[in-house]
Every structure is written in structure tokens, then in C-alpha cells.
Amino acid sequence: MGPNRTWLLIAPAMLVIGVFMVLPLFLAVGYSFMTANPYGGVTAPATFDAYLQFLYQRDFDDSLVFSPSYALIILRSVYLAIATTIICLVLGLPVAWYIVCQTPERRRILLFAVTLPFWINTLIRTYCWILILRDEGLANGALRHAGIISDPLPLLYNDGSILLGLVYTFLPFMVLPIYSTLERIDPRLIEAAHDLYAGRAAVFRRIVWPLARPGALAGATLVFAPALGSFLAPDLLGGGKKLLIGSLIQMQFTSSRNWPFGAALSTVVTVVVLTVFVIRSRRVEEERR
Amino acid sequence: MADLELRKVSKSFQNLKVVHDIDLEIAEGEFVVLVGPSGCGKSTTLRMVAGLDRPSGGEIHIGGRLVNNVQARDRDIAMVFQSYALYPQMTVAQNMAFGLRIRKVPDAEVTQRIARVADILDLSELLHRKPHQLSGGQRQRVAMGRAMVRQPKVFLFDEPLSNLDAKLRGKMRAEIKKLHQMVATTTVYVTHDQVEAMTLADRVVVMNKGRIEQIGPPNDLYHEPASRFVAGFIGSPGMNFFKCRLEARGDRLAVVLSDGTALAVPAARTARYAGHAGRDLEFGLRPEHITEQRERPDTVDIKVPVEVVEPMGMETLLHVLVAGTEATARIDPAATPRPGEMATLSLGMAHMHLLDLKTGRVL
């Protein structure tokens, strides 16, 4: 096979990437510059209206009025995604470290336990949280039974319950990359640190954490990106009272029938996530040098 | 005074006892090498001295202080690991400074100590590199430097050269020896390589199956091994062993091989072996004492078939069959026979060893 025909070998891979990844992205970006069709879909003419909608509302007389409500939804979403990432990191690092310290056989069992939720449908898992958190749910029932409270605590339908749902859903995405980084650490590095006068705290701060950081960064990306666009947990555990981007996007393509705005929102989420991703990989590269 | 002392030190992992009641005294400034095949307990012994493993029994004293319950970081020892255990995220200088920083040694002194050690180890140009930018030999030197800047009471080396290629290993071996001649810190060095043990040690500790087989200066171990294990382990190529029977011939003794060949035992050894006459034993002779024909006192000539010839340049190794047993001879290259030929070789009986078949002890 001549060198000018070798491209044939990668053509199938390029086709898959093109059809399933690049093309939908271009479609989304393209749709975001169109006008909404009241019956769904998009029509001509091309316009920036969808992006203007982030900050302005079109009044009856067609003048633009500043309206921060969508911007606030985006900010709230970013804030919740960041909070989710931080909590996952704080919980995930010790869990990953604990698993690494076990015997190979126990490691396998624990890793399986971490991935266990993947085997159950996310919708069902999220509904289970409702059963636990609602006023007559397991949590309140147990607390009442123990005599700690008399009236049920409002555990459901607030930012806290959304956060809980997000952390619960995405924690494995933090644990697994950190685990795979820590697993590769030569145990001699830690022994050498003990030999070099370091106590447990110093070993963690100066050795384990710096070496775990690439894994933590990978985990942070894997948690942040889907948490930002997530709509199941916010809808079910937040009760749909407070919108997040994910739910907002979903609404644009269903009840609101505003495809361009939905596409514009998707584009913005994609750009935010890609920016985070690029910054991250730059930093990892810098550290390698 | 013993600087490092092990008294009846043992170690078990679950039900498996890997180190059996080791007694060892190491004098201040002494370079002691623990040598043995993998799994002999040498690394475990070193790790117990370092404080990375706890002894199951016995006592370890460093500088007269019982350290069984003292943590690694408070033992005033410095260990050099086989894998070097350099921190990939730190530069050479940061790696070397790590221990001192944790000890909160003043900056000026850290800089000064690193500069001095870097100068000795020829690392000055590399201080700002990271470990992955260094060659194997350079990493090894950084690992040693990290131990040296701490000016510890005892250096512990865990197979520090086994990740290097043969040529570099020889070079670093000489450097380690030179360093010890300069700083003369008490050193315990673990290796499976008997050449390293022989060349570096003031005293060699040969270990096998969790026990000490023999302790002594390299030349003593080589010429007067206490057991078959030591005789076979020290020296390369290894000692030749033949099944034999010790028989009295008049007022002299003779080693009779399985094919009936009788080899006269030197008169000087008669008294030593007299009590064993008539017993089935093992006869040991090093390759350099099976040579081309030489006129020397106490040599016996035998005619043997040559199987393989290995020219080494300054000498030639012959693989021959002596009474049906494979043996190695070291001969002058000028006298090299061809494979398949019969060669007349001289056995230097003055250097013979007789071993008890059952206990493996040298008689």
C-alpha cells in the first residue's frame, strides 16, 4: 500500500468522529444562529437573538430589556458544578488512597463497589434519593424514630439535595482517575520519605498529593463537565423549582420550542467546558516539563 | 565499639519466618555487605535496620541505642533504594534538600551541604534537572547524594546498582568504594551480586534461607568457605563439586572420585581430614585450580574430555567432564585445546575442600 493511500486505513475512524462528534457540534452551533420555529425546529433568517437572550428580553415593542435571570441560572449552574467538583475531590482522594493501600484482592472488590452504581439506571438511583430524603422518607423517619426531631427536616428540593445528587452521581469519576494515578506510585517513594524524616502529614502534603494531582485534575474535569450540564438530579432532587442549565436546555427543545436558544446554551456550556479542559491540559504539560 | 548491633533478630510474615535469629555486630566506619540469593532475607534485614519493617523478635541497636520502637525518621540512618525513589516532581536539588527541609535545617546550610555533596558526586551541573531528565547512573548518584547530605550515622544501601548496565555498575562500584574511603560512615550494603560483595566489603555476610551462613573478610570467605553454599556462591565461575570417597592410602589420604580416579591429598591436610577417612564426601575445587599442566607441589594431573571452550581473552574457560561430572577449568589461552579433544589438566590439591554431604559444612 502506497503512502498516499494509508489515509484509507484511518478513514473509518475519521468518519465515526466526524459523524458522531464534529457534525453534531457544528449543527448545534449553526442552529444557535437561526430563528426559532414556533412548531419546533429552526427557520431563516440567521440572527444573534439566541445569544442576546442570555442577558436581554425582547419587550412587546421589540426593544431589548436587560434581564439577568438566564445569566443567574448559568452562574448557579457553574457554582453548583464547582461545589460538586470540590466535594468529590475531598471525598474521592481519601477513598482512592484507602483502596490503593489494600491487598490486590480487596482492591478489586472495592473498585467493583465504586463502579457498582454504574450498573443501575441513573434515573432509578436518583429516585431512590427522593425516597430517602422526602418528608416521610427513610432519613426523616430514622431521625424521628430516634427522637432527634419531631417535625421532618426539609431535606429535599433545595440546593443541598441537588448537590448531594450530583456528588453521589459523579463521585466514581473522581475516585477512579485518582486511584489509577496513586496505584502507579512506587511505594518506595513513601518509604523513602519516612526515611527522610517525614511524618504522615508531610508525606501526604509533599509526596502523595503532588503525585496524585494529575489524577485529581483528570477527575475534576470528568466531574465538572457532566455536573455542569446535568439535569436529572436538579429536576428530581431540586424539584424543578430552581433551574440549572441542563434543565433549561432540555426545556428549550421540548416545552419551550426554542431550539436556537437551546443550541446557544449548549454551545456556551461546551465552550466553558472546553476552556477548562484546555487550561488543565496546559498545566499538566507545564508540570511535566 | 559496635555502631550497629543485631541481637537474635527475626522476622515473620504471617506464618512464614523469613529471618531467623540474626546476630551481627558492625563496627563504626565499617562497610558490611549482606549478600545472598533473592529471598534469603537480606533486604528484610536491612529494612528492619532502617525501621521500615518491625522485627518479630530480637533487638536492634544503633550507636548503643535500642531502636526497635524508634521510627525510621528518628534512627539517624539514610537509605538508598534500589529504585532510587527520587521524587519525579522535584528537581535534583529539591530531592537532595527534602530531608533537610523537613528537619528545618537553615537555608544557608542546606545550600552549602548540597553544593559540597554535589561536588563530590559530580552533580553540580544537574541540580536544576528533574529525575526523568537524568540517566540511570546520574539518578543513582542523586539517590546517594540525598543520603549523604544528611550526614547520618549509618548508610543503608538496598541493591543500589542492580538497575544499571554492567559497565556502569562497575564504575559506580568503584565510586562507592572511593566515597567510603573518603567519608568512612558505617555502611550496610545489600546485594545479590557476589562480585559487589567481594569488591566493596570490609566484611561480607553471606545469607541463605533467612540465616547467616558465614561472616568474614572477602578473601577469607573465598579461600576458607564454611559451607557448600558459601563455596558455591562466592566466586565466578563457581566452585566445582564432585562426589567422592576419602580413603587411606598408606600414611596418606586420597580422594577417590566416582570413576575410581584417586587424587592424593596433600600431606599438610592429612591431620585435618584423618577422622573422615572411609566416608562418602564431596570434593570441591575452584576453576582456577584446575589448569593446564603445571609443575607445582601437590598437583595431580588428569586426562579429561573437553566439551566447551570459552575464550575470555586473558584466560580461557574450559567445560570438561571429570569422572562424569561437569567442571570448569581456567587455563592459559596459549594452551587451549579444541572441543572434543582430551586435555591433560593439573588439579591444585593444595586448595582442595572437602564437604560433608549431609550438613554441607566444609571439613
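Modeller: In chain A, 30% of the 289 residues are buried, a residue being buried if 20 or more other C-beta atoms lie within 10 Å of its own, exposed if 12 or fewer, and partly exposed in between, with C-beta atoms placed from the backbone. This is a predicted model, in which local features need pLDDT of at least 70 and side-chain atom pairs count only at pLDDT 80 or more, while totals for chains, interfaces and linings use all residues. Residues are numbered from 1 along each chain as its sequence is written, and chains are lettered from A and ligands numbered from 1 in the order in which they are written.

Chain A holds 12 helices and 4 strands, where helices (H or I, at least four residues) and strands (E, at least two) are DSSP runs numbered from the N terminus. Its C-alpha atoms fill a box of roughly 80 × 75 × 35 Å along the principal axes. Of the contacts in chain A with a separation of 6 or more, 67% join residues 24 or more positions apart; two residues are in contact if their C-beta atoms, placed from the backbone, lie within 7 Å.

Where the chains meet, chain A brings 14 residues and chain B brings 15 residues to the contact. On the side of chain A, helix 8 (187–195) and helix 9 (200–229) each supply at least two residues, and the largest share, 6 residues, comes from helix 8 of chain A. Sorted by class, that side of chain A has 9 nonpolar, 1 polar and 4 charged residues. Here Ala, Val, Leu, Ile, Met, Phe, Trp, Tyr, Cys and Pro count as nonpolar, Asp, Glu, Lys and Arg as charged, and the others, Gly among them, as polar.

After helix 8 of chain A comes Tyr197(A), with a positive phi near 75°.

Helix 9 of chain A also packs against helix 3 (residues 69–100) of chain A, at an angle of about 140° and with the axes 9 Å apart; axes are lines fitted to C-alpha atoms, for helices over the stretch in contact, and angles run from 0 to 180 degrees between N-to-C directions. That makes helix 3 of chain A oblique to helix 9 of chain A, since angles under 35 degrees count as roughly parallel, over 145 as roughly antiparallel, 65 to 115 as roughly perpendicular and the rest as oblique. Among the residues that meet there are Ser77(A), Cys88(A) and Trp97(A) from helix 3 of chain A, and Val208(A), Gly219(A) and Phe224(A) from helix 9 of chain A. The residues of this helix contact divide into 14 nonpolar, 5 polar and no charged.

On the partner chain, the domain assignment, which is automatic or taken from a database, gives domain 1 (2–233) and domain 2 (240–356) of chain B, and the C-alpha centres of these two domains lie 39 Å apart. The peptide bond from Ser236(B) to Pro237(B) is cis, with omega near -5°, and Pro237(B) lies in the loop between helix 8 (228–233) and strand 11 (240–249) of chain B.
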